[in-house]
Amino acid sequence: MHPKNSLYSKMVLFGCIISIIPLLALGFFSFMKSSGSVQNHVNTSNIQLMNQTNSNLEQVLRTVDYTLNYVINSNILQGALYRPLSYYDFQLYNKLKEELSLLQSPETRVTDVILANTTTNWLINNRGMYEFNEYASKDTLLSLMDMQGSSNWVMLDTESLGSSDTLSYACPYTIALVKKMPMSTSSARGIALATIPSCSLAAMMDSPSPSREVMVLDHNYRIVVHPDQGKVGQSLTETGYNKDELDRFDSKSGQFETRIDNKPISVTYVKSDFNGWLYASFTEMSAVTKESRSIGWFTLYICLLMIGLSILLVWLGTRRVYSPIRRILQGIAERLPDLQANKKNELQIIDEHIRDMFNSNTQLRNELRQNSRQVRTFFLHKLFLGRISPPEAEEQIALFGFQEQVAQWEHLAVFTLQIDTLDDTRYERKDSDLLLFAINNMMEEMIPSMFRFPPVIIDQTQVTLIGRGGIPLEEFNDYIYKLSEEIQRTTRSFLDLEVSIGISLPYKTLMKTSRAYQEGMEALKHRIKLGTGVIIPYFSVNSGKHTRVYFYPMQVENELIDAIKLAEEVRALELLKQWLAEVFQKDRTPHEYQISLIRLLNDLMIVMQENGIVLEQPDFGNSSLVEELLSLYTGPEIEGWFKTRVIRPMVKVFRDRQDSQYQNLSEQIIEIIRNEFDRNITLEECASRLHYNNFYLSSVFKKETNMSFSEYLSQYRFKMSKKWLVETDMPIKDIAEKLSYNNSQNFIRSFRKLEGMTPGQYRAKYKGLEG
């Protein structure tokens, strides 16, 4: 079974047409025998060719002109024209780059777009953002600003622009659309250029033949587009044309005969209404007549041969060619039976399926790349916090490609960097994460990748592991300290911030990284007496001896406290067992074990105090919990004591509070979603507003609604999209933007997956039923 307008039937029809072609060719040959008929045909063909060439090139030029006008008049660019730009404006820069990307596509053939603001001294192109005064081609741009009119098409030497993207096409000349900015005023603040290599436009023209030459001329009869790049830039008179006959191109279009190099030439031209360019064809009539006769006889013989073969090809060729298409179509139909419903033929079905496969593959690659970075960051966190075993560390190092560089390192050290204060600066407290991210990027640029692991951020601290090989320890220490000074100077210069840096003692084994991280953090604590903007090597803090700050499972403790607050008794007891296991697996003195146990008990007592739980509530009585704990000596006794005396009583109190609290929190979250669903709202933001831990809030919401925050938000947005589709005429693209989708295609794909039809089909189906 084939779809409507089956490709198979079209192929059969095509075969029949092929069988008739020889008869038509014979008639054509008879028509072309006389030289007068040949000339008339050539003239007609040349007119059609010039009109077609004019249409093809002008469509590209009009598209570039329209799109550049749109970019120049956009609110983003209009605002940028009246302000200086620097690296602080990277968000505005990204938006401008998105606007410029509208111009660059295979259809427009634009290789580079240049936005230059001579007033505020900035320039943006494909390669990035520069100061205009330092740009290599600024003199060319300034000369273009002196041209008459606000918009001009000009031909420039490619090297005068200095754009590597345009130079890569190896075209000596470039066609440029030049527009002054802003277009609405008489005084220009800057200039915008969209560049198209001349050879790209030449590729759109028919291939040249020995008897016909096609070219495009500007107002000064200078060749701007020609298949032979050696002739681009020459004047028409330099090619042998008589200067006195240039006035014969005055009409909008026309034909005439002349002589070039003593040869009779038929000239056909069309003048563009858009930019005044002249599209001209020069045909040598004697060569055409000679070639047409040879072609006519050759065509006759070929036609006679095709008459005998065409019918055989129709029957055998069509069946053979269609067989693999049928098999592919059947395979697709078995997996996607509804795919054929709205398609016209088999190739459209296969094309749609292949496009979906490519889109899925691209999306999967992006997700995999993002997940890989997240997993790498998670590995580094565990390495610094001492939560990874040696075998696992070796496996992860090999997985992320660090094995070779780690093998070369003889000395290692850890940097811990913190922002001292944001008071009396131009920043606010909410900017701290963004500032740490900027410092992270600086560290990546300042330290060669072979000498470091990727920098990470742990609890408002920027942490970097640095390693070197082939140098003495003294030289390594000197390198570390000079590097820390350079980092301080850079952050002070670019961000106007004071930062302090803690430096661990050098070490040789990667598994000692967690100890080095603790040393760096310990060093930073000495800012209490040293002040801000300091560099603190741990050597000066601990007389050159490594720290004895032992690992404390703080993350497990936090999860334990969250489980108690959520009244999840089973989970809390599992986390207690995990916490004890991590504490007791470290080799310590009994006194140090007791310190960790008392610390846990103290943190749990703080939780009770913060939540208004009096000591009598969990039935603690009048005894001292610390004395009871210190009287225990075995692991099972300690675990049993925490279960019965602390955790289970606390869980009971929190369970009694849950019923009313859960419902109130869930209602507040739902109210936020309903009021702000049309922006990029997150659970972390809700948690910050309601003053709760986001993990705790997620569990509460899940228990109350039986779905996660993101699931509920997606469901509510989907409900609103259906409402807008039926009750309004809002374009699908606008609906996608209001629902925070990156593009309309993602919204359409998601809608079709949930509803079984596209948004347009849903609107067509249900809009008539409105009301």
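# Exercises on strand pairing and helix packing

Strand β15 (residues 499–503) pairs with β16 in the parallel sense, over three bridges. In this pairing, G502 stands opposite I536 of β16. The model behind these exercises is predicted.

## Exercise 1

Work out in what order the five strands of the open sheet run, and which of them stand at the edges.

**Solution.** 
- Step 1. Take the strand order. The open sheet reads β13-β14-β12-β15-β16. Its pairing is mixed.
- Step 2. Look for strands with a single partner. These are β13 (456–458) and β16 (535–537), so one side of each has no neighbour in the sheet.
- Step 3. On average, neighbouring strands are turned by 25 degrees against each other, direction ignored.

## Exercise 2

Determine which residues of β5 lie on each side of the strand, and whether they are buried or exposed.

**Solution.** 
- Step 1. Recall the rule. Side chains in a regular strand alternate between the two faces of the sheet.
- Step 2. Sort the residues. One side of β5 carries Y173, I175, L177, K179 and M181. The other carries T174, A176, V178 and K180.
- Step 3. Apply the cut-off: buried means under 20% relative accessible area. For the strand (residues 173–181), that is nine of nine residues.
- Step 4. Find the partners. β4 (residues 151–157) pairs with β5 in the antiparallel sense over seven bridges. β6 (residues 190–197) and β5 also pair in the antiparallel sense, over eight bridges.
- Step 5. Locate I175 between them. M155 stands opposite I175, and I175 stands opposite I196 in β6.

## Exercise 3

Classify how α25 crosses α28, and list the residues that make the contact.

**Solution.** 
- Step 1. Read both values. The axes of α25 (residues 709–727) and α28 (residues 759–766) come within 8 Å and cross at roughly 55 degrees. α25 is therefore oblique to α28.
- Step 2. Assign the hand. α25 passes α28 in a right-handed crossing.
- Step 3. List the contact. α25 supplies K722, W724, L725 and V726. α28 supplies P759, Y762, R763 and Y766.
- Step 4. Sort by class. Six of the contact residues are nonpolar, none polar and two charged.

## Exercise 4

**Solution.** 
- Step 1. The axes of α13 (residues 432–446) and α14 (residues 473–494) come within 11 Å, crossing at roughly 130 degrees. α13 is therefore oblique to α14.
- Step 2. The crossing is right-handed.
- Step 3. I439, M442, M443 and M446 of α13 meet E486, I487, T490, T491 and F494 of α14.
- Step 4. By class, this contact has six nonpolar, two polar and one charged.

## Exercise 5

Describe the packing of α18 on α20 by angle and axis distance.

**Solution.** 
- Step 1. α18 (residues 554–565) and α20 (residues 590–610) pack at about 35 degrees, with axes 11 Å apart.
- Step 2. α18 passes α20 in a right-handed crossing.
- Step 3. From α18 come M554, E557, L560, I561, I564 and K565. From α20 come R599, L600, D603, L604 and V607.
- Step 4. The contact has seven nonpolar, no polar and four charged residues.

How values were computed:
Residues are numbered from 1 along each chain as its sequence is written. This is a predicted model: local features need pLDDT of at least 70, side-chain atom pairs count only at pLDDT 80 or more; totals for chains, interfaces and linings use all residues. Side-chain values use heavy atoms; hydrogens and water are left out. Axes are lines fitted to C-alpha atoms, for helices over the stretch in contact, and angles run from 0 to 180 degrees between N-to-C directions. Helices (H or I, at least four residues) and strands (E, at least two) are DSSP runs, numbered from the N terminus. Angles under 35 degrees count as roughly parallel, over 145 as roughly antiparallel, 65 to 115 as roughly perpendicular and the rest as oblique. A crossing is left-handed if the near helix is turned anticlockwise from the far one by less than a right angle, and right-handed if clockwise. Contact means heavy atoms within 4.5 Å. Ala, Val, Leu, Ile, Met, Phe, Trp, Tyr, Cys and Pro count as nonpolar, Asp, Glu, Lys and Arg as charged, and the others, Gly among them, as polar. Two strands pair if DSSP finds at least two bridges between them. Buried means under 20% relative accessible area, exposed over 50%, partly exposed in between (1.4 Å probe, protein chains only).
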